[in-house]
Amino acid sequence: MNRYLANTQKSRQLYEKAKRVFPSGVSYFIRHMDPYPFYTAKARGSRLVDVDKNEYIDFWMGHYALILGHSPPEIMREVKRQIEKGTHYGTCHELEITSAEQVAKMVPSAEMVRFTNSGTEASMYATRLARSYTKRDRIAKFEGGWHGGYDPLLLAVKPPFDLSESSGLTDGTLKDTVVLPFNDVNGVEDAIKKEELAAVVVEPVLGAGGCIPARKEFLKALREVCSENGTLLVFDEIITGFRLAPGGAQQFLGVLPDITVMGKILGGGFPVGAIGGPREIMDLMDPLLYARPNFSFHGGTFCANPVTMTAGLATLKTLENGTIISDLNKRGAKLRRELASIFERKDVDVQVVGTSSLFHTHFTDEEIENVHAVFRADRDKLAQYHTHLIANGVFFLPTKTGALSAAHTKTDLEKLLIETEAYVRNNY
Ligand SMILES: Cc1ncc(COP(=O)(O)O)c(C=O)c1O
């Protein structure tokens, strides 16, 4: 920590200024760090450079959006060309069609697509669409599931679940959401049968909830019980989309949702979200086919923004043949094994979890199957480990999942292992 303080004096000054204009000094509280965050001056490839000229190997990668690394030259070339042609048309344009076609080609269940500007918006419109289609009000989400800041999904993210995640959520909104146990087939079947749900919204890998993959049998059982009960299955693939496989977790696991919610990687480094699904459901967003009150609204000023579409399309095309993704998946598996063996050698109780190019370390001897186990683990030790890494040039957003990108070199991963070894040596 002393080293961090000594090396980040300009960041400390910026934080003092930031506290005057931002609540808690930051634009999004998860970016807050104790005693203060560093301020990034530039980013390229696998690296962040802060205003004090410290360099960090970045495993946060823009909230996992940057699977090709920061500002990949081949994508930036396209973006620069697009900027010359206009940044925001506010009209229809050909690129939005090509982009949607590309999504539909890659994501098995996405016959049709609509773009949004964030994952939160995509979750919001997907929820509405499911309600419009089924003509039911109630929805279900899982303990530990994070789908952004939309009221009906903003509950039961972190234990204790009897405390609200935010003020300002009305009882009326919350009463229409049912919370289900993750990875627990028996715990969900009855609820889905009984509740007459419009949708069950699930992350195929709990991201904010601790990087916990859903078991394939669990998702298969969800698929079956949803179909049997007229409930739409919504996969929130905002993290897993275009990462686990070119077609996301649904392709990786062979379980298809009715509606897919996308974001992050899809924007190629620019703000984005999207919903995908079959025509039968997506058509409800067409007021020419469905007059009020049956029409399901979606829209927004920056939807299908041409700069985002350019960066996103170029990124998806780069990922489409699966080479980069399968390489990252192999590197992720190896990294998880190597991290685990560092802790095992010193008998430190750590569960290294994750799948594909996502990984996390929980300081506990308990198997991690759900968010309760994540929060029973020693969170202080996890924060201490991440703080050690940050002070030594390896960036994780403290306590959060790490993600690999194509820009990470062998040396970058070795540095993570070396610093993990140093942390274990100094503390055990
Ligand atoms: C699984 C998941 N869903 C939804 C969201 C919300 O997306 P956004 O932050 O773009 O609104 C996130 C963001 O972290 C996420 O990880």
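Helices (H or I, at least four residues) and strands (E, at least two) are DSSP runs, numbered from the N terminus, and the expected span of a helix is 1.5 Å times one less than its number of residues. The model is predicted: local features need pLDDT of at least 70, side-chain atom pairs count only at pLDDT 80 or more, and totals for chains, interfaces and linings use all residues. Residues are numbered from 1 along each chain as its sequence is written, and side-chain values use heavy atoms, with hydrogens and water left out.

Helix α13 (residues 323–345) contains 23 residues and reaches 33 Å from its first C-alpha to its last, close to the 33 Å expected at 1.5 Å a residue. Its buried residues (under 20% relative accessible area, 1.4 Å probe, protein chains only) include Ile325, Leu328, Arg331, Leu335, Leu339 and Phe343. An α-helix has 3.6 residues a turn, so residues three or four places apart point the same way. The buried residues of α13 pack against α10 (248–253), α12, β13 (351–355), β14 (358–362), α15 (379–391) and α16 (410–427). Just after α13, Asp347 takes a positive phi of about 55°.

A cavity is a set of points on a 1 Å grid over the protein atoms alone where a 1.4 Å probe fits but cannot get out; lining residues have an atom within 4 Å of a point. Ser99, Val103 and Phe115 are among the residues that line this second largest cavity.

Conventions
1 Å grid on protein atoms, 1.4 Å probe; cavity = no way out; pocket = protein on both sides within 12 Å on 5 of 7 lines; lining within 4 Å. Buried < 20%, exposed > 50% of the residue type's maximum accessible area, 1.4 Å probe, protein only. Contact = heavy atoms within 4.5 Å.
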